[in-house]
Amino acid sequence: MPSCDVCPSGFGVLFSWRFPWAPRLVNSSSFSVYPMGNGTSRLYSALAKTLNSSAASQHPEYLVAPDPEHLEPIDPKELLEECRAVLHTRPPRFQRDFVALPADGPSSHPPIRVMQWNILAQALGEGKDNFVQCPIEALKWEERKCLILEEILAYQPDILCLQEVDHYFDTFQPLLSRLGYQGTFFPKPWSPCLDVEHNNGPDGCALFFLQNRFKLVNSANIRLTAMTLKTNQVAIAQTLECKESSRQFCIAVTHLKARTGWERFRSAQGCDLLQNLQTITQGAKIPLIVCGDFNAEPTEEVYKHFASSSLNLNSAYKLLSADGQSEPPYTTWKIRTSGECRHTLDYIWYSRQALSVRSALDLLTEEQIGPNRLPSFNYPSDHLSLVCDFSFNEEP
């Protein structure tokens with residue numbers, strides 16, 4: 001049964017993952033996600049009917065429990081075909097390949113595929129981020145959501161860690177729950193999305209995992225602090241148990257403070273997150289994977305804190321480099337009114353003693369990204385998705 005953990009500051013309603021239902025947004029006059037027909041019409045109904053953009057911020061009372069009988073599963077292949085039908089006038093997706101990485105030996109269980117992605121909040125993309133080389137038509141939610149879903153469906157992650165999610169209730173939670181995922185959403189207390197006219201509510205972090213592979217052991221929503229002050233940045237940390245192996249691990253997702261000049265602030269947020277994870281993993285006894293948009297280059301203090309932490313973490317995408325020690329040249333590439341920005345800000349950290357990276361998805365090349373950079377008609381976000389396959393190292 002899909003379930004949902006939501007603790008939206010300023011959003012009016014508190015839900016717990018322990019409740020056996022997932023909240024949804026319903027406006028009876030204009031919106032219905034769950035009633036379904038058959039075949040393509042059923043899928044198109046699920047995909048196309050989205051909430052009026054202003055309802056989430058103006059009408060939190062529309063958060064209600066759906067009838068569990070209406071949560072019929074969706075075939076991911078059919079949904080992918082439906083997304084591609086919506087996108088038929090756009091250029092095809094870019095080809096990205098998985099790079100196999102050296103491993104100590106075969107694993108006795110299927111790998112765990114983890115996807116990290118800042119998907120670009122719709123309100124920010126249209127109202128605040130000023131992507132001067134991106135046509136406004138490329139940012140239309142009706143098509144951009146299909147590009148996002150197409151990326152997720154193409155790689156079929158077991159665990160999905162997202163930032164800048166401002167369409168959780170009307171898009172991602174209803175659809176992904178019917179694909180077998182259990183979801184958690186934790187919005188920013190003072191989301192900049194709320195400053196945008198016709199916004200869809202606050203943006204925040206979301207974490208999804210496949211219920212047929214994992215069991216939720218515990219879950220924590222963390223509002224990050226900096227020098228004892230509560231901040232506008234958040235994290236979700238969940239301990240999961242693999243149903244095949246009964247092995248437990250912790251998965252965390254975060255999004256640290258953006259912008260130049262806030263390096264010390266990010267460093268303090270990172271230290272707070274590490275302290276929380278130290279407690280949650282019982283002093284690194286439980287293996288850990290941390291996904292996030294850290295808004296920090298590898299030269300920053302917060303990166304160094306994670307690299308030198310007693311949790312013994314390694315950055316997965318370093319393994320794609322020739323020496324195994326260098327981060328990719330970029331994970332985000334955009335052109336704003338202030339100029340062109342190419343940075344490495346997104347990471348997947350993992351417990352190097354307990355886990356191995358079996359493969360990692362290569363990044364888009366400069367040629368694929370094109371001269372107008374991201375986002376574009378080809379790619380829905382200004383950040384690239386990162387995808388890794390992990391396996392447990394055999395216990396001694």
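Colleague: Where does R342 lie relative to W333?

Modeller: R342 lies over the face of the W333 ring, 5.1 Å from the ring centre. Keep in mind that this is a predicted model.

Colleague: And K257, which ring does its charged end sit over?

Modeller: The ring of W262. The charged end of K257 is 4.6 Å from the centre of that ring.

Colleague: Let's switch to aromatics. How many aromatic pairs are there?

Modeller: The count comes to 19. Take F294 and F306: their ring centres are 5.0 Å apart and their planes stand at 90°, so that pair is edge-to-face.

Colleague: Where do F294 and F306 sit in the chain?

Modeller: F294 is in the loop between β12 (288–293) and α8 (301–307), while F306 is in helix α8. They are 12 residues apart.

Colleague: Are those two buried or exposed?

Modeller: F294 and F306 are both buried.

Colleague: What about Y303 and W349, how are their rings arranged?

Modeller: They form a tilted pair, with 5.0 Å centre to centre and 55° between the planes. Y303 lies in helix α8 and W349 in strand β16 (residues 346–351), so the pair ties together parts 46 residues apart in sequence. Both Y303 and W349 are buried.

Colleague: Which residues do ring pairs link into a cluster?

Modeller: Y168, F169, Y181, F185 and F208.

Colleague: Now β5. How many of its residues are buried?

Modeller: Seven of the seven, residues 112–118, so β5 is largely enclosed by the rest of the structure. Both faces of β5 are covered. I112, V114, Q116 and N118 are buried on one side. R113, M115 and W117 are buried on the other.

Colleague: Which strands does β5 pair with, and in what sense?

Modeller: With β18 (residues 386–392), β5 pairs in the antiparallel sense over five bridges. With β6 (residues 159–165), β5 runs parallel, and five bridges join the two.

Colleague: What are the bridge partners of V114?

Modeller: C388 in β18, and I159 in β6.

Colleague: On to helix α5. What span should its 15 residues have?

Modeller: At 1.5 Å a residue, α5 (residues 141–155) should span 21 Å. The C-alpha atoms at its ends are 21 Å apart, which agrees.

Colleague: Why call α5 largely enclosed?

Modeller: Because 13 of its 15 residues are buried. "Buried" here means under 20% relative accessible area.

Colleague: Last one. Where is V253 found, and what is its relative accessible area?

Modeller: V253 is in strand β11 (residues 248–255). Its relative accessible area is 1%, so V253 is buried. The C-alpha atoms of V253 and I348 are separated by 9.3 Å, though the two residues are 95 residues apart along the chain.

Terms used: Residues numbered from 1 in each chain as written. Predicted model: local features only at pLDDT ≥ 70, side-chain atom pairs only at ≥ 80, totals over all residues. Heavy atoms only, no water. Helix = DSSP H or I, 4+ residues; strand = E, 2+ residues; numbered from the N terminus. Expected span 1.5 Å × (residues − 1). Buried < 20%, exposed > 50% of the residue type's maximum accessible area, 1.4 Å probe, protein only. Pairing = 2+ DSSP bridges. Phe/Tyr/Trp six-rings, centres within 6.5 Å; stacked < 30°, edge-to-face > 60°. Lys NZ or Arg CZ within 6 Å of the ring centre and 35° of its normal.
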